[in-house]
Amino acid sequence: MKDLKARKEDATPRGINVLCDWFVAKAQNSTIWDTTEREFIDFAAGIAVLNVGHRHPRIIKAVEKQLKAFTHTAYQISPYESYIELAEKINKLAPIDGKKKTCFFTTGGEATENAIKVAKAHTKRYAVIAFGGSFHGRTAAAVGMTGKVVPYKADLGPGMIGIYHGLYPNALHKITVEDALRSLDHICKSSISPYDVAAIIFEPVQGEGGFYPAPKDFVKGLREFADQYGIVLIADEVQTGFARTGKLFAMEHFDVTPDLLCMAKSLGGGLPISGLCGKAKIMDAVNPGGLGGTYAGNPLATVAGLEVLKIIKEENLLQRAKTLGNTLQAFLKNLKHKEIAEIRALGSMVAVEFFKDGQPSSELAKKVQALAMEEGLLLLTCGSYGNVIRFLYPLTIPDQQFQKALEILKKVIAKAVK
Ligand SMILES: Cc1ncc(COP(=O)(O)O)c(C=O)c1O
């Protein structure tokens, strides 16, 4: 029998680019153990999925109960209460004005694609404005909106027509809010009439793109632009949602609200589910049967989602996200290495960006990541230049383990920049 690494190379395509060279045996809260019983502090959280930690006992209990009742009926065929209850709860909590409606899917990419469908059906227009550095998924239409060619779009040829990318503000990389808002005018002067634009989709904090929080003026400008031309404004909160930024949704940090809001990842606490919440009038634009999916809003995931909302409230995770984010930010600011170009945070959406000789250095970020892995700390990189380390620990991480992770970080960053 070949070992697992060889079997993986043989059986799976290289397009699935795997970070770790070890294999998971078990996980609990903020710890993962591999098949050789090595222990890792999990600062990746399954790419922002586990804000409430691995295998939260409340989620396990609820899913076990659901397993004994039924695991799948297809909501569109035979509906069940937990789907409706989760939609009701999200409608109450989402920062969108007026009457709201919510439906569920399975992945983040499905949420963003369906948001576009809803916006098109509502406006009877076809074009979409997204932003450079954005990430909205890898599926055929979502990847068109994703603002990064390599590795996501290269070799794919033309995708959905009518997708244009504006500039996303980024002070470190010298894109001002004015530049970014002007790029919308530029698109609508040179490429497409604003009256053909169905939607503007943006992340309130760019995730894969580098953990850049959107300046308030930018989001206000997007809202004004959308209102001026009757465009649907979509907040993609797939990565920012469910307490990560110190609010249930990152849009609560801003003075304006979107028309539609995409969510996924930490909604399910480890079970695959995504959702789209929006103004009822817009959400109802799609004809019956136009939304949904075989597994969309699977009952194991909807009961998990209900528990996630309770856990966030009962364990005070909004405050916890702020406290941990502040601690990490202060710790990073104390490190004083000249290679640290910027430290930024919105709650526990914290990132450190590395430059070497005045240029973004993916090499340094990768080195920090590799050294941390050797020390038992799992970190993720991100950013258009791959030069950012992002921190996505479960918000339920015990203080002692968090401190241990900071000690590892201090050691490996010092070693990497030496
Ligand atoms: C902001 C954002 N939108 C959409 C997606 C796509 O989600 P999924 O990988 O579940 O399709 C991601 C995934 O990282 C994301 O961060």
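A polar contact is a pair of N or O atoms within 3.5 Å; within protein, one atom must be able to donate a hydrogen and the other to accept it, and residues adjacent in sequence count only if both atoms are side-chain atoms. The model is predicted, so local features need pLDDT of at least 70 and side-chain atom pairs count only at pLDDT 80 or more, while totals for chains, interfaces and linings use all residues. Residues are numbered from 1 along each chain as its sequence is written, and side-chain values use heavy atoms, with hydrogens and water left out.

The ligand site comes first. An oxygen atom of the ligand lies 2.7 Å from a polar backbone atom of Gly109. For Gly108, a polar backbone atom is 2.8 Å from a ligand oxygen. Phe135 contributes a polar backbone atom at 3.2 Å from a nitrogen atom of the ligand. On its own the ligand has 390 Å² of accessible area, and the protein covers 85% of this. Accessible areas come from the Shrake-Rupley method with a 1.4 Å probe; for residues, only the protein chains shown count as cover.

The residues around the ligand (those with a heavy atom within 4 Å of it) include His136, Glu203, Asp236 and Lys265. The shell divides into two nonpolar, six polar and four charged residues. Here Ala, Val, Leu, Ile, Met, Phe, Trp, Tyr, Cys and Pro count as nonpolar; Asp, Glu, Lys and Arg count as charged; the others, Gly among them, count as polar.

The sheets follow. Helices (H or I, at least four residues) and strands (E, at least two) are DSSP runs, numbered from the N terminus. Two strands pair if DSSP finds at least two bridges between them.

β1 and β2 (residues 31-34) are antiparallel over four bridges. Gln28 has Thr31 of β2 as its bridge partner. Ala27 is bridged to Ile32, also in β2. Two residues lie between the strands of this hairpin, and Asn29 takes a positive phi near 50°. β2 and β3 are antiparallel too, over three bridges. There, Trp33 has Glu39 of β3 as its bridge partner. The hairpin of β2 and β3 has four residues between the strands, and Glu37 in the turn has a positive phi of about 70°.

A second open sheet has seven strands in the order β4-β12-β11-β10-β7-β5-β6, again with mixed pairing. β4 (100-105) and β6 (163-166) stand at the edges with a single partner strand each, so one side of each is left without a neighbour in the sheet. Neighbouring strands are turned by 20° against each other on average, direction ignored. Axes are lines fitted to C-alpha atoms, for helices over the stretch in contact, and angles run from 0 to 180 degrees between N-to-C directions. β4 and β12 (residues 274-279) pair in the antiparallel sense over six bridges. In this pair, the bridge partner of Phe104 is Gly275 of β12. Helix α4 (residues 81-93) packs on the sheet and touches β4, β11 (260-263) and β12; contact means heavy atoms within 4.5 Å. The direction of α4 makes about 130° with that of β4.

Two loops hold backbone exceptions. Most residues other than glycine have a negative phi, and most peptide bonds are trans. Lys124 is not a glycine, yet its phi is positive, at about 60°. Lys124 is found in the loop between α5 (108-123) and β5 (127-131). The peptide bond from Val150 to Pro151 is cis, with omega near 10°. Pro151 is found in the loop between α6 (140-145) and β6.
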